[in-house]
Amino acid sequence: MNIVRLRAGALSISDVERLLDPGCQLVLDASSMKKVEECYHFLQRFARDKVIYGLNTGFGPMAQYRVKENEIQQLQYNLIRSHAAGTGKILPPIYVKATLIARMASLLRAHSGVHPSAIELLAELFNRDICPVIFEHGGVGASGDLVQLAHLALCLIGEGEAIYRGKTMPVSVVFEQEGLRPISIYMREGLALVNGTSTMTGIGMVNLLRGQRLLRWAIRASAAVCEIVGSFDDHFSEELNRLKPHKGQLHVATQMQRQTQGSRRIRRRCEHFYNGNCQNVFSDKVQDYYSIRCVPQILGPVYDTLQNAAEVLSTELNAVGDNPVVDPQSENIYHGGNFHGDYVAFEMDKLKIAVTKLAMLAERQLNYLMHDRINNLLPAFVNLGKPGLNYGMQAVQFTATSTTAECQTLANPMYIHSIPNNNDNQDIVSMGTNAANIARTVIENAFQVLAIELMAIVQAIDFLKIHEQLSENSQETYRQIRTLSPLFVEDTPKHLDIQKITSFLQENG
């Protein structure tokens, strides 16, 4: 069985990727759980005769009101129930599972003061594939993902709904079937569960993993387009790109070299223009369009953005996002704003901008293949049928263009759209979960655009009958896409083919 051990402060993005694979299980590190228990007992001792926010006071602007000792447990239940106010679509299970991972990683740092049983039940939910119903809309990303995480906490106290075996059903029914019991509230299990950036971080981690996969496909598609049009080899040469040595540009150039290795379609400039060419008007393009020859410079920043997002999300994943923070080592409790989601919000905005540019490149490469007067190589719209009677990919291009345009609008940042709320207690917020959700949509859109581009690529390859001239990598891409979308001459609906290719790209590569 594929098992990942969750140890405080040591969870990596690759661990998350493994955990999100179907069938993977997690185990809680014993030494980390021991520290969680020690933190809980420290809070019990420390809290006597002290005023501590959210333990024996109200929340937010209500913090000025002291809560009686016999009402402390009810206070935590009230927080969870009152904040379970999400709306919109239900988050798909993969994003909820990533949220569970992020929440456990934070609580395992042993600075939250929760009873160990809360983390143990979170682990049971994950391992038994019980996904609390969490809604897209709610949190403003400061005091963390209060609304989204309240729905998670609602599940832990045996209320609300969960997605279980493909169905949405009451948590009480699921727990009965699985022999699970809700957590008990000891001291601050309510506040500790809803405080933090775990939902935006969970969504962000899935966005990152899918963004990395998207980039790999974009490079493969770009390489195939270069082969189709007979691009020159110097565009992604080491000699050229090392003179502008951004890490991303060098990475993409190297990948383009590998993708096209062995191709009989890529041309050497020296053979066409540096060897006594006496033409006055050149039949070959001296320079290709930017969407062909600037791939390293365009996708390089996308790579760099993904790398930076990985670093930030890895830090956030292993961070303590509570307020207040319980610190047994210094024997103190600190009040502050570790729940603020600005780091994640900013990265998600940058990520969706980068992915939008990737989609724009794919759409322009697609347009190049569609436009017979530009490429001077293929029939209009890669139409393999009878012009005027058949339409090839004319309408499919509309979908790619429309979807890319939506990405361009969605790429506007959430990070700067703070709106004061909560009686102005939360007077500047991150909107981090909104940013993560919108980035999720942009990534899904970009996969659809790439799916359409790849459909056009394989049609072009078949029209030119160049399959055997391609690099081994492009031949493999051709085989993969043709398995999902057979060659077509007559006009047929294409929406199911696009869906099949999109799903394949999201799950492979």
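Hi everyone, let's start with strand E2, residues 25-28, in this predicted model.

Now, which strand pairs with E2? That is E1, residues 3-6, and the two run in the parallel sense, joined over 4 bridges. If you'd like to find one of these pairings on screen, look for valine 4, whose bridge partner in E2 is leucine 26. Bring in helix H1, residues 13-19, and you have a right-handed β-α-β unit made of E1, H1 and E2.

Next, a pair of helices. H2 covers residues 30-46 and H5 covers residues 116-127; their axes come within 9 Å and cross at roughly 140°. Angles over 145 degrees would count as roughly antiparallel, so H2 and H5 are oblique to each other. On the H2 side the contact is made by Met33, Val36 and Glu37, and on the H5 side by Pro116, Ile119 and Glu120. Sorted by class, that gives 4 nonpolar, 2 charged and no polar residues.

E4, residues 130-132, pairs with E6, residues 161-164, in the antiparallel sense over 3 bridges, and here proline 132 stands opposite alanine 162. E6 also runs antiparallel to E7, residues 167-170, with 4 bridges joining them; there, glutamate 161 has proline 170 as its bridge partner. The hairpin of E6 and E7 has 2 residues between the strands, and arginine 165 takes a positive phi near 55°.

Definitions and conventions. Residues are numbered from 1 along each chain as its sequence is written. This is a predicted model: local features need pLDDT of at least 70, side-chain atom pairs count only at pLDDT 80 or more; totals for chains, interfaces and linings use all residues. Side-chain values use heavy atoms; hydrogens and water are left out. Buried means under 20% relative accessible area, exposed over 50%, partly exposed in between (1.4 Å probe, protein chains only). Two strands pair if DSSP finds at least two bridges between them. A crossover is right-handed if, with the strands pointing away from the viewer, the path from the first strand over the helix to the second runs clockwise. Axes are lines fitted to C-alpha atoms, for helices over the stretch in contact, and angles run from 0 to 180 degrees between N-to-C directions. Angles under 35 degrees count as roughly parallel, over 145 as roughly antiparallel, 65 to 115 as roughly perpendicular and the rest as oblique. Contact means heavy atoms within 4.5 Å. Ala, Val, Leu, Ile, Met, Phe, Trp, Tyr, Cys and Pro count as nonpolar, Asp, Glu, Lys and Arg as charged, and the others, Gly among them, as polar.
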